[in-house]
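I opened this notebook to record what I looked up in one structure. The entries go from the whole chain to single residues.

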Amino acid sequence: MDAGSFSSSIPSEKARPASRHPLREVGSRPYMPSLRSSSKDFSSRQSGGDRFIPDRSAMDFDMAYYLLTETRKEKESAAAASPSKETYRRLLAENLLNNRTRILAFKSKPPAPAEGFLQEAHSNVSSHQAKPAKPRRYIPQSAERTLDAPDLVDDYYLNLLDWGSSNVLSIALGNTVYLWDASDGSTSELVTVDEDVGPVTSVSWAPDGRHIAVGLNSSDIQLWDSSSSNLLRTLRGVHGSRVGSLAWNNNILTTGGMDGKIVNNDVRIRSHIVQTYRGHQQEVCGLKWSGSGQQLASGGNDNLLHIWDLSMASSNPSPGQNQWLHRLEDHMAAVKALAWCPFQSNLLASGGGGGDRCIKFWNTHTGARLNSVDTGSQVCSLLWNKNERELLSSHGFTQNQLTLWKYPSMVKIAELTGHTSRVLFMAQSPDGCTVASMAGDETLRFWNVFGTPEAPKPTAKTASTGPFTSFNHIR
């Protein structure tokens, strides 16, 4: 088990210090002058020299002395020199001196090529055209923005942060759900629940970016319209205890509770419970649907990872019936961090808690484990880069860092530090470039870890498909 309990009493507004305002900026990123351009200019000056000051290291003083005294010697022996000797002297100078006539040098000598380099380079160029090297992406080491998040429930098993398709974040702090608009930085309060049903234990945006599901400690699930701040309905009787995980699959809201049940709820109909998955013996803390919507991954505090198939679920499962497609028991601690790969539909990454510390990769068609990497600390959350083959993980003790990995080599690309407590939650912006992280230190930080959005490519003009497309003109 992973430490993740919380106190049932949440500080009230009166008890909160006056300086703690939810989602207020606590400090902007300090200005750091770019070192890349300045170092580049310095290196170019070092290698190229100054345009007005000669470079002594590039000059041949013996040659300079010869060139200075050559004219005087020529005048002295001009009368005695025959035409054949003059021709011989000129050819000798051309071959030995390489027609060097300048005394002062303003650029350094180029480095000597390695043995056989020119021949190898010539053969490579002649065989094929070399591709230009892709520039390495610059990854800022500090957060772009930091917001205050007071009253955050420091619980590993909950899911209190989500970023919707309309570019609005939902953040659960204590009994309140806040909405933070990433386009203009505005904050609004969606709901504050009563003490007897709170705190909020999970939040999840519907695919439309307008409706949001809120799981509560009382086992109820609320559905809200964020545009009008209206409560649409409350789902009751789904679970027997708190609802710590939520996942949408079109109009199906999948809920996971401390009772170990996983339930599919069709929010369009009155009798919303349509399917139930049974397999976990303890709290379900991780839920993720695959991109196709056919497979569901669930992780629990019983150290189990299940892969479920949509077609195998049953509204009334018989006792002892195994509904899961795969039951994976390799993790040695709670499995909360789950992420489906965007470029390979059957690839799933999972992360274990403090007693496991591993990121594991699975082929969900066969159930085979593809790789396992010991990260050295509790894995709290996982996110794939939508544009590159990279994986981002957030961690707990001792560094409380975000680590960017290259897939499939799992070489560390960058480690982002700044949080002073375990980084419990991560969410990805709709464009896939910015990541928001929220930690037990009660801060919400934004990282430009996946790069800037790519400019849309101009669409090619489609040829007309009319009846006369094969004719240039009509006679």
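The entries below set out what I found, topic by topic.

**Entry 1. Basis.** I am working with a predicted model, in which local features need pLDDT of at least 70 and side-chain atom pairs count only at pLDDT 80 or more, while totals for chains, interfaces and linings use all residues. Residues are numbered from 1 along each chain as its sequence is written, and side-chain values use heavy atoms, with hydrogens and water left out.

**Entry 2. Overall make-up.** I looked up the secondary structure and found four helices and 29 strands. Helices (H or I, at least four residues) and strands (E, at least two) are DSSP runs, numbered from the N terminus. The protein has 475 residues, and 45% of them are buried. Here buried means under 20% relative accessible area, exposed means over 50%, and partly exposed lies in between, with a 1.4 Å probe and protein chains only. I then checked contacts, meaning heavy atoms within 4.5 Å. Of the contacts with a separation of 6 or more, 52% are between residues 24 or more positions apart.

**Entry 3. The largest nonpolar core.** Such a core is a set of buried Ala, Val, Leu, Ile, Met, Phe, Trp, Tyr and Cys residues joined through side-chain atoms within 4.5 Å. Which members of the largest core touch the most others? I found Leu161, Ile171, Met438 and Leu444, in a core of 40 residues. Strand β4 (residues 168-173) contributes the most to this core, with five residues. I listed the contacts of Leu161 beyond four places in sequence; among them are Leu169, Ile171, Val203, Phe425, Met438 and Leu444.

Entry 4. I count two strands as paired if DSSP finds at least two bridges between them. Strands β4 and β5 run antiparallel and are joined by six bridges; Leu169 stands opposite Trp180 in β5. Two residues lie between the strands of this hairpin, where Gly174 has a positive phi near 65°. Strand β5 (residues 176-181) has five of its six residues buried. On to strand β6 (residues 187-192), which pairs with β5 in the antiparallel sense over five bridges. Thr192 in β6 is the bridge partner of Thr176. The β5 and β6 hairpin has five residues between its strands, and Gly185 in the turn takes a positive phi of about 75°.

Five bridges join β15 to β16 (residues 295-300), where Gly300 is the bridge partner of Val284.

**Entry 5. Ser202.** Is Ser202 buried or exposed? Ser202 counts as buried because its relative accessibility is 0%. The residue lies in strand β7 (residues 200-205).

**Entry 6. Backbone exceptions.** I noted a cis peptide bond between Gly198 and Pro199, with omega about 5°; Pro199 lies in the loop between β6 and β7. The bond from Tyr407 to Pro408 is also cis, with omega near 10°, and Pro408 is in the loop between β25 (402-406) and β26 (411-416).

Asn167 has phi near 70°, sits in the loop between β3 (161-163) and β4, and is partly exposed at 24% relative accessible area. Asn250 has a positive phi of about 60°, lies in the loop between β11 (243-249) and β12 (252-257), and is exposed at 59%.
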